[in-house]
Amino acid sequence: NNPYPYDKNPLLYSRANFDGIHYISIARRGYGYAQQAFFPLYPKLLALLNPLFKNFTITGILISSLSYLLGVYLLSKLILLDQSATVQKRVLIALFIFPVSFFFTSVYTEGLFFLLVICSFYSARRSHWWIAGLFGFLAAYTRLAGIFLLPALVAEWWLQKKNVKNFIPIILIPLGLLLYMSFLHRTTGDSLAFIHTQKLFGQGRSDKIVLPYRVLWRYVKMVATVNRSDPLFLTILLEFLTGLTFGVISIYSLFKQRLSYSIFNLLSFIVPTLTGNFTSLPRYVLVCFPSFILLGTWLHRTSRFNRLVYFSLNGLGFILFLSLFSQGYWVS
């Protein structure tokens, strides 16, 4: 409602475009119309820490950026449990230059959610199950996709010693979602308001399940028909390529990766597509760390020329989409 802050410092406040505005609004005034789509942990942290920095945008950027850095550090340690240091390096570079990875440091939940997911997996791999369950609980209180940690960590528990005592902390994970649903029931009378309000954002999501092959065909037609001079074409093209690439990787992961990784990876990718489009999918797959591990493995094994092409295209895409996002265009 007040454009002045953006005019005063566009390089700062453009980091809170779109969803960022809603998170700041929730932190300032509580939930408003249709904002039940946004889970509460991130805005709660904004409200808690803002008195230290006196600026919601700066507070959000610091929360996201520090979470991202810690998440990257733990991801590097998680990779080394199974892979070489060279593969680790390729994975991290692939993550850094992914075309929309700037969302990790924006006033969005990506940075925080990434940290919580990696903490949960790393703790489980090291058999620190209570810590894994706690971070899983926080992840499910941050994004709906956090609930995918439940089947993933059950699979990880099965792969390890199957100690019954270690299974108990995993039960903490769905409590994050149930806590938010209880709040929604008390305040709106609808425990699933986070789903039912999605249609109010005009993103064309269906309330019925749409199979991925139909979504792919829809995007083939859009790529062929949308005006190339419209900036929206670039977003549609990115969504299509992301859906195609990560769909293939998710299936490949089922045969080549640890079961817990492949379960989380597949669910994080496939569930958003069942709404009938790939809207925001490039942002959603940022947390699909098993896919990035496979990409890093391929980059390690492929030729130097292929690596150069891959890094160049992704780096140019990063610059392009960050430029569009900072000017107020929807990119994911």
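The model is predicted, so local features need pLDDT of at least 70 and side-chain atom pairs count only at pLDDT 80 or more, while totals for chains, interfaces and linings use all residues. Residues are numbered from 1 along each chain as its sequence is written, and side-chain values use heavy atoms, with hydrogens and water left out. Helices here are DSSP runs of H or I with at least four residues, strands are runs of E with at least two, and both are numbered from the N terminus.

**The nonpolar core**

- The largest nonpolar core has 97 residues. Such a core is a set of buried Ala, Val, Leu, Ile, Met, Phe, Trp, Tyr and Cys residues joined through side-chain atoms within 4.5 Å.
- "Buried" means under 20% relative accessible area, "exposed" means over 50%, and "partly exposed" lies in between (1.4 Å probe, protein chains only).
- The residues with the most contacts inside this core are L46, L75, F121, F264 and F289.
- Helix α7 (residues 110-125) supplies the largest share of the core, 11 residues.
- L75 touches L92, L95, F114, I118 and F289, leaving out residues up to four places away in sequence. A contact means heavy atoms within 4.5 Å.
- As background, nonpolar side chains tend to be buried together in soluble globular proteins.

**A nonpolar patch on the surface**

- L52, F53, I58, L62, L66 and L69 form a nonpolar surface patch with about 560 Å² of accessible area together.
- Patch residues have over 30% relative accessible area and no salt bridge; nonpolar side chains (Val, Leu, Ile, Met, Phe, Trp, Tyr) are joined within 5 Å, and like charges within 9 Å. A salt bridge is a side-chain nitrogen of Lys or Arg within 4 Å of a carboxyl oxygen of Asp or Glu.
- Accessible areas come from the Shrake-Rupley method with a 1.4 Å probe, and for residues only the protein chains shown count as cover.
- Helices α4 (41-53) and α5 (56-79) each give two or more residues to the patch, and α5 gives the most, with 4 residues.
- F53 lies in helix α4 and counts as partly exposed because its relative accessibility is 37%.

**Aromatic pairs**

- The structure holds 34 aromatic pairs. Rings of Phe, Tyr and Trp (its six-membered ring) pair if their centres lie within 6.5 Å; planes under 30 degrees apart are stacked, over 60 edge-to-face, and the rest tilted.
- Y68 and F96 form an edge-to-face pair, 6.5 Å centre to centre with 90 degrees between the planes. Y68 lies in helix α5 and F96 in helix α6 (residues 85-96), so the pair ties together parts that are 28 residues apart in sequence.
- Y68 is buried at 10% relative accessible area, whereas F96 is partly exposed at 38%.
- Y180 and F183 form a stacked pair, 6.2 Å centre to centre with 15 degrees between the planes. Both lie in helix α11 (residues 173-188), 3 residues apart, about one turn of the helix.
- Y180 is buried at 1% relative accessible area, and F183 is partly exposed at 26%.
- F18, F102, F103, Y108, F318, F325 and W330 form one aromatic cluster.

- N55 sits in the loop between α4 and α5 and is buried, with a relative accessible area of 15%. Not counting residues up to four places away in sequence, N55 touches Y13 and N50.
- S253 lies in helix α14 (residues 231-256) and is buried at 0% relative accessible area. Leaving aside neighbours within four places in sequence, S253 is in contact with S262, N265 and L294.
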